[in-house]
Amino acid sequence: MTGEKTHLFKLSVSVAFISVSIIAFQLSLIQILSIVQWYHFAYMIISVALLGFGAAGTFISLFRISLLKNIGSLLPIFMLLSGLFMALSVSVSQSELFRFDSYKLFFDFSNVWQLVLSYIVFFLPFFFGALSIGLIFVKHVKNIGTLYFANMLGSGIGGLVAVMLMWFFMPEKLPAFISFLACFAGLLIIPRKLRSGFSIFISIVIAALVYLYINPGELHLSEYKPLSKTLNLPGSKIIMEESSPYGLIDVVQSSHIRYAPGLSIKFPGTVAVNNAVFNNGNWYGALIPFGKDSIDYFKHTTEYFPYLINKRKDVLILGAGTGRRITSAIKSNASTITAVEQNKAVTKLLMNELAGEVDSVFNRKEVRPQNISPRTYLLKTSAKFDLISLPVIGSFGGSSGLFALQEQYDLTKEAFSEMWGRLNNDGVITVSTWIDYPYRKPLKILSTVTEMLYDRGINNADDFIAAIKNWNTITYTIKRTPFKDEEIKIIRDFCNEMNFDPVILPGIKADEREKFNKLQDKSFYLLIDRILASPEEREKLYSEYPFNIKPAIDDKPYFSQFLRWKSISQLSEFFGNQSVPFFEVGYILLYLTFIQILIFALILIILPLIKIGWRGGRKNWALIYFSGLGTGYMFIEIIFIQRFTLYFGNVIYAAAAVVSLMLISSGFGSLVSQKLQAKPNRLVGIIFLIIISLIIYTIFLSSLLKTTIIFTLPVKIIFTTLLIAPPAFIMGMPFPLGLRLLSELNESADGGQVPWAWGINGLFSVISVVLATIIAIEMGFVWVMIFAAGAYFSAMIICFKRN
């Protein structure tokens, strides 16, 4: 008996370590793919690679007897192979044969084969890792509660480990380091009688891991990423590189970098940009010194006029970036400047190593840096401001829909309402956006502001909004009170002096809008007027316009999601078939990912039925029950991450906290379930408790978090634990109990349904990640929670029928 307990303990520790390595590897791979490609492509590849869990369940179902017969030697081999392929993934995927460019997939089909090869490279570590976990579950299904606890505990710790390691390891080295954890899991369970025979294989694997850690392979960024384009400029080079959970930060030195949004064509000088900062290969901001050129530059931009019409003593800079707008506020004699910037790693560099590049603006006595998300700061603060400044929306030349799937809580209707509430009597909100074509961002930001004012009882929005443009940028300023005649005159005089055009201004005339800078498509002004006209005219425009320009709201915070499926044929006809994907590449990829996963999942679910049979047993029960658990659990996890991102003000720490708390709490629930009998009526009761808790959370969670957002961080962590742990604890019980019940009901059969059911749960977990995002974009986050309750309800009903 003691020997059995010792063996179970070693297996549990091994499962925990392989689980730590799998989750940590997944997060490190997302970081790497976000650097070399974009987050959306990383999302697509990882989703397909994670099908390794479903494939492992299918493989065990088909070859169960042979695998269990040789489980003693196979388990350590599979874990060692998982670690080896983790370490190989970077150098192999970045080799010439395997490397693909995401953008070329839409017009160069030779990249498709490289994409497929990349799928295989990233699939293998997950497949072998899941294969080892699945075999342990099947072999020791009677102790599934204990083993599933180890799996969930390891997975929860793995998320925290990955975030911590990102501070200390460069992205290309991290997978090789993590692979040692997987190998340790395998070494731990090598049977004593086989250790001598494994010695050569172990030596080869360890030697390979050490070599791959020392020589990880170079990361090759897509040629379409901003960093790649910048490095193509003569004399450009990376002078600093630093890794963090916020991304890989690169500082590039180049004498050819120019960044001057809203600059007047009458500006006589040059804007002195020393260097520029990039995060994960994407433009983050220019490092502009605090010199004479900065003064001249800012006073010649569209962003200057809010300072011109009134004194701005208390200024709030949201998304402070590299400090360009802080410098502008200082030069405009602001007394107090609150600079809110979520990326703590960049702010730390700008306050220390890079302080000289921006003349230490973050260290000045009037500047108060806040490392928190802008929206969270708005929810927490009770301070009032004379000016609230947002960063420039979009990028010059467009961003090809790269932010379509990104939650942008700073640009929702509720966010602007909170900004409005934080203004002094004569205070203003100012935001600039590049004038894209077809027109999208300038229209959506205006519709958001106009709807916000309408909700506050202001029907004449054009008395509270002023907008001016140069040849490629438009700056909106929203005032707490109507613009006065003297302020309107100042704006007009400023436009005439700088060759800007007023676009929205009380009493504006049509010929003023194109006095200096002419747009090729004049419909822009008609669209602006329709948004300002009336609620009925706005709704009519929303319905007719080929892009989605309705305001983003907190329940659907996807400001940059513009594509409408019903307009694709119209856009294809006008712009050409190959151009359409680049309007909304992230959105299109989401659906392509879902289709890919769905096809693979169906194959992996159906394939084992060839072996275990199509009829009899409890296949319908297993399919509905375990798919319901996988779908419901992932939907809830995604909702919790979304809700707690605003609460903590940091998506990285919110995700780490939510995922780790849920997995660890669920692990303890699984451990307790080991002492319970696996009966259908017990499952019905447990799932009913989960559904009730979901209903309560759907109604009260958002308001509860907004009420307690003022808490200090330690108190927030305690409060978050109290909120997440109880439902997650209960949610950890149905899966191990269901596997035990299925095992007991099929004792006389070949037992192939247990790995099949485990595979179904894994497959639907992966499907649910993508499906939840689709539901959130199309219907809103509340519906994700409703569908989560529905998924658990289906699992409860099927148990009720078996009762």
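pLDDT is the predictor's confidence in each residue, on a scale from 0 to 100. I start there since what I have open is a predicted model.

**Entry 1: confidence.** I looked up the average for the chain and found a pLDDT of 86. A score of at least 70 goes to 91% of the residues.

**Entry 2: helix α14.** Next I turned to α14, which covers residues 344-351. Which of its residues are buried? I noted Ala345, Val346, Thr347, Leu349 and Leu350. I also checked what covers them, and the cover includes β1 (237-244), β2 (247-253) and β4 (282-287). At the start of the helix I found Asn343, with a side-chain oxygen within 3.2 Å of the backbone nitrogen of Ala345.

Entry 3: Most residues other than glycine have a negative phi, and most peptide bonds are trans. I went looking for exceptions.

Asn280 is one of them, with a positive phi near 55 degrees. I placed Asn280 in the loop between β3 (275-279) and β4. Is Asn280 buried or exposed? Its relative accessibility is 13%, so I put it down as buried, the cut-off being under 20%.

Ser360 also has a positive phi, near 55 degrees. This one is in the loop between α14 and β7 (367-370). I wrote Ser360 down as partly exposed because its relative accessible area is 27%, and that class runs between 20% and 50%.

For the peptide bonds, I stopped at the one from Tyr437 to Pro438, which is cis, with omega near 0 degrees. Pro438 belongs to the loop between β9 (423-434) and α17 (441-455).

**Entry 4: a nonpolar patch.** Last, I checked the surface around α22 (585-606). Which residues form the nonpolar patch? My list reads Leu592, Ile595, Ile599, Phe600, Ile603 and Leu607. Together they have about 520 Å² of accessible area. I remembered that an α-helix has 3.6 residues a turn, so residues three or four places apart point the same way. As for Leu607, I found it in the loop between α22 and α23 (609-612). Leu607 counts as partly exposed because its relative accessibility is 35%.

How values were computed:
Residues are numbered from 1 along each chain as its sequence is written. This is a predicted model: local features need pLDDT of at least 70, side-chain atom pairs count only at pLDDT 80 or more; totals for chains, interfaces and linings use all residues. Side-chain values use heavy atoms; hydrogens and water are left out. Patches are made of residues with over 30% relative accessible area and no salt bridge: like charges are joined within 9 Å, nonpolar side chains (Val, Leu, Ile, Met, Phe, Trp, Tyr) within 5 Å. Accessible areas come from the Shrake-Rupley method with a 1.4 Å probe; for residues, only the protein chains shown count as cover. A salt bridge is a side-chain nitrogen of Lys or Arg within 4 Å of a carboxyl oxygen of Asp or Glu. Helices (H or I, at least four residues) and strands (E, at least two) are DSSP runs, numbered from the N terminus. Buried means under 20% relative accessible area, exposed over 50%, partly exposed in between (1.4 Å probe, protein chains only). Contact means heavy atoms within 4.5 Å. A polar contact is a pair of N or O atoms within 3.5 Å; within protein, one must be able to donate a hydrogen and the other to accept it, and residues adjacent in sequence count only if both atoms are side-chain atoms.
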